[in-house]
Amino acid sequence: MTRTVTLPNGETVPALGQGTWYMGERSTARVAEAKALQRGIDLGLTLIDTAEMYADGGAEEVVGEAIAGRRDEVFLVSKVYPHNASRAGVAAACERSLKRMKTDVIDLYLLHWRGNHPLSETIAGFEALQKAGKIRLWGVSNLDTDDMEELLATKGGTACAANQVLYNPGRRGPEFDLFPALRAARIPVMAYSPIEQARLPRGGALGAVAKKHGVDPFQVALAWVMRSGDVIAIPKASRIEHVEMNAAARDLVLDAEDLAAIDRAFPPPRRKVGLEML
Ligand code: NAP
């Protein structure tokens, strides 16, 4: 089943993409990592998330290898370090990222987390990159509700196309106020670490729901993260079998009974919880 999420500009992207954190760290693993990403692209996991931070640019290089000759099939997301997020800094960082990925455009360029540069500077940098055709859209990551409010009140801020945050059954804090605020502004969520870096408990509710559907507990977690239709999940998998399992999670639709069981095991927040980061 193809699941998509609609961005504010009306464009649709896959609801299930691929992460790349820790790829590119070891030269001996790079070929296998690129192959895993390529298998994902073959299966429709064409949104690829990376960052200049990952392996000091090594992950972007792996992405470059994976998308060689098939750039048009992919929706490419990368991120700029907060310390590079001045007007001039984003331009230089973006240029380096483009070179490493051997492409001339990034589809969505995110501020990795909030740092000391004023948001207005970062937005101005992103706008200049858009004008130059180096990035198509821009967004943010790890911005909690108060920072989002400030962003949306900053000149140009309403053009933000996504907020990438930590979200999985064990990290439901943003459901309380951040997700409603993003929905009101029609800004999609990108859920990172959607299986908590493979540390989510395999037993309990996830295990029971998995057993009922004849699937793996992590597939239940991914289907759960994607359940609302406006959240993009970006699991990272270096192993082909993991990529294939994750892709199959798109076929799993959880029913009310499943969701209730997951709510009992992982209660939704009843008060504000500060945004957590990994
Ligand atoms: P994750 O996707 O929750 O988990 C990745 C781990 O799970 C890897 O060890 C992977 O193993 C394993 N795995 C993947 N699929 C599996 C499956 N079906 N069964 C069993 N194990 C499986 O964690 P993440 O990498 O932290 O988050 C995903 C992506 O989000 C990152 O790669 C990155 O692109 C992004 N991210 C962004 C931020 C931010 O601040 N914006 C922070 C964290 C992450 P193998 O690799 O061995 O296959």
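Some conventions before the contacts. Residues are numbered from 1 along each chain as its sequence is written, and side-chain values use heavy atoms, with hydrogens and water left out. Because the model is predicted, local features need pLDDT of at least 70 and side-chain atom pairs count only at pLDDT 80 or more, while totals for chains, interfaces and linings use all residues.

Helices here are DSSP runs of H or I with at least four residues, numbered from the N terminus. Axes are lines fitted to C-alpha atoms over the stretch in contact, and angles run from 0 to 180 degrees between N-to-C directions.

I start with H1, residues 30-42, and H9, residues 240-248: their axes come within 9 Å and cross at roughly 25°. That makes H1 roughly parallel to H9, a term for angles under 35 degrees; 65 to 115 counts as roughly perpendicular, over 145 as roughly antiparallel, and the rest as oblique. On the H1 side, Lys35, Ala36, Arg39 and Gly40 meet Ile240, Val243 and Glu244 of H9, where contact means heavy atoms within 4.5 Å. Those residues of the H1 and H9 contact divide into three nonpolar, one polar and three charged. In this scheme Ala, Val, Leu, Ile, Met, Phe, Trp, Tyr, Cys and Pro are nonpolar, Asp, Glu, Lys and Arg are charged, and the others, Gly among them, are polar.

H1 also packs on H2, residues 58-67, with axes within 8 Å and a crossing of roughly 55°. H1 and H2 are therefore oblique to each other. Among the H1 residues in this contact are Ala34, Leu37 and Ile41, and H2 contributes Val62, Val63 and Ile67, among others. By class, the contact of H1 with H2 has seven nonpolar, two polar and four charged residues.

Leu206, Gly207, Val209 and Ala210 of H7 meet Pro217, Val220 and Ala221 of H8. This contact of H7 with H8 has six nonpolar residues, one polar and no charged.

Now the ligand. Which residues come nearest? Of the 29 residues around the ligand (a heavy atom within 4 Å), they are Asp49, Ser141, Lys236, His242 and Asn246.

A polar side-chain atom of Asp49 lies 2.6 Å from one. A side-chain N or O atom of His112 is 3.4 Å from a ligand oxygen. Pro194 uses a backbone N or O atom, 3.4 Å from a ligand oxygen.

Terms used:
Helix = DSSP H or I, 4+ residues; strand = E, 2+ residues; numbered from the N terminus. Polar contact = N/O pair within 3.5 Å; in protein donor to acceptor, adjacent residues only side chain to side chain.
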